[in-house]
Amino acid sequence: MPRTVNQPRHDRGELRRALSSPLAELDDARLTRAGVRLLLKRDDLIHPLLPGNKWRKLKHNLVRAAELGHDTLLTFGGAYSNHVRAVAAAGARYGFSTVGVIRGEEHLPLNDTLAFAVDRGMRLTYLDRTAYRVKNSPPVVEALREEFGRFYLLPEGGSNALAVHGCAELPAEIDVPFDVVCCPVGTGGTLAGIAAGLGPGSRALGFSVLRGGEFLRGDVADLQIAAYGRPSANWTIDCDFHAGGYARRDRELDAFIADFAGRHGMLLDPIYTAKMMWGVFTLAQRGAFASGTTLIAVITGPVEDRRLPRAPVTRGP
């Protein structure tokens, strides 16, 4: 049985404050030739412990958990889940105990992701892959409640109606005219929220990081229905840039990552953001965007900046 760590109480006022991320324009001759302007929405800089879309997805959920009097957060994920890592960090910062239900068997020593989570007080438990496939079923959830007591349940990847509301706040932060917002898609919450928050005339384009990600179109629509009562018609998902599937990569993706780092000094996360950027550049070079299009690409996860200054803020032309 994992040991229980008593989390200190912290001021949760930060959860109700608006945090935003800067824009940085990317200068690249390939896009210029295609007549496309690209700005990066640097959500990887939004919060020191909860970078990327993790803050947006968790913020309203943490407020709701506190309002309901919950002291414990429980969530699901794989052994390398950034969502599990973020929930552990959020619990340590805001005074929640945390439980991570991990897919598969325990392997020791723990990898860096799970070691980070345990260091922040998260208790880990494991479900074999058969049980994990029905993790949201009443028998599994009830067994978890019997083991860990009362908890606020966060879904795998953090995508639910409250997460959608958090991600819907992103478009209002963009203070330059734009046509399309692009983001990677793993569970659909970020795309569902961004599309819901867009004004007239703009659209959202998601890039599936999963092989066979066509089912995500239904998931995004379901999330919008849960959050707003109906889906919007201003988004699409491209499923051609998964590079073999979740957490997989191929030579073409690796070549793009290396070339992008050499040109711009940014080492892209290969699981999410690199696949999106690979898709954006490929489509632009194919002429998929009309000349004069302004794109916003949301950097939802960590990147390593090797030469560039940290996210210069860009205003209108």
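Reader: Why is Ala243 called buried?
Author: Buried means under 20% relative accessible area, exposed means over 50%, and partly exposed lies in between, with a 1.4 Å probe and protein chains only. Ala243 has 6% relative accessibility, so it counts as buried. The model is predicted: local features need pLDDT of at least 70 and side-chain atom pairs count only at pLDDT 80 or more, while totals for chains, interfaces and linings use all residues. Residues are numbered from 1 along each chain as its sequence is written, and side-chain values use heavy atoms, with hydrogens and water left out.

Reader: Why is Ala247 called partly exposed?
Author: Ala247 has 46% relative accessibility, so it counts as partly exposed. Ala247 is placed in the loop between E9 and H10, and Ala243 is in the loop between E9 and H10 as well. Helices (H or I, at least four residues) and strands (E, at least two) are DSSP runs, numbered from the N terminus.

Reader: What is the phi of Ala243?
Author: Ala243 has a phi near 60 degrees, which is a positive value in a residue other than glycine. For Ala247, phi is likewise near 60 degrees.

Reader: Why is the pair of Phe207 and Phe241 called edge-to-face?
Author: Rings of Phe, Tyr and Trp (its six-membered ring) pair if their centres lie within 6.5 Å; planes under 30 degrees apart count as stacked, over 60 as edge-to-face and the rest as tilted. The ring centres of Phe207 and Phe241 are 6.0 Å apart and the planes stand at 65 degrees, so this pair is edge-to-face. Phe207 belongs to strand E8 and Phe241 to the loop between strand E9 (235-238) and H10, so the pair ties together parts 34 residues apart in sequence. Both Phe207 and Phe241 are buried.

Reader: What makes a set of residues a nonpolar core?
Author: A nonpolar core is a set of buried Ala, Val, Leu, Ile, Met, Phe, Trp, Tyr and Cys residues joined through side-chain atoms within 4.5 Å. The largest one here has 31 residues; among the members that touch the most others are Phe207, Phe260 and Met277. Elements that give two or more residues to this core include strand E2 (37-41), helix H10 (251-264) and helix H11 (273-285). H11 provides the largest share, 8 residues.

Reader: Which residues does Met277 touch?
Author: Contact means heavy atoms within 4.5 Å. Leaving out residues up to four places away in sequence, Met277 touches Leu26, Leu38, Leu40, Phe256, Phe260, Leu268 and Ala297.

Reader: Why are the buried residues of H4 said to line one face of the helix?
Author: Helix H4 (residues 112-119) has Thr113, Leu114, Phe116 and Ala117 as its buried residues. The arc is that of the directions from the helix axis to the C-beta atoms. Seen down the axis, the buried residues of H4 fall within 155 degrees, so they line one face. On the other side of H4, Asp112 and Asp119 are exposed. The buried residues pack against H3, strand E4 (97-103) and strand E5 (123-127).

Reader: How do you know that Asn111 caps H4?
Author: A polar contact is a pair of N or O atoms within 3.5 Å; within protein, one must be able to donate a hydrogen and the other to accept it, and residues adjacent in sequence count only if both atoms are side-chain atoms. A side-chain oxygen of Asn111 lies 3.0 Å from the backbone nitrogen of Thr113, at the N-terminal end of H4. Just after H4, Gly121 takes a positive phi of about 95 degrees.

Reader: How do you know that the peptide bond from Leu108 to Pro109 is cis?
Author: Omega of that bond is near 0 degrees. Pro109 lies in the loop between E4 and H4.

Reader: Why is Ser81 called buried?
Author: The relative accessible area of Ser81 is 11%, so the residue is buried. Ser81 sits in the loop between strand E3 (72-77) and helix H3 (82-94). A polar atom of the Ser81 side chain lies 3.2 Å from the backbone nitrogen of His83. An unreviewed UniProt entry places the feature "active site" at Ser81; such annotations may be inferred rather than shown by experiment.
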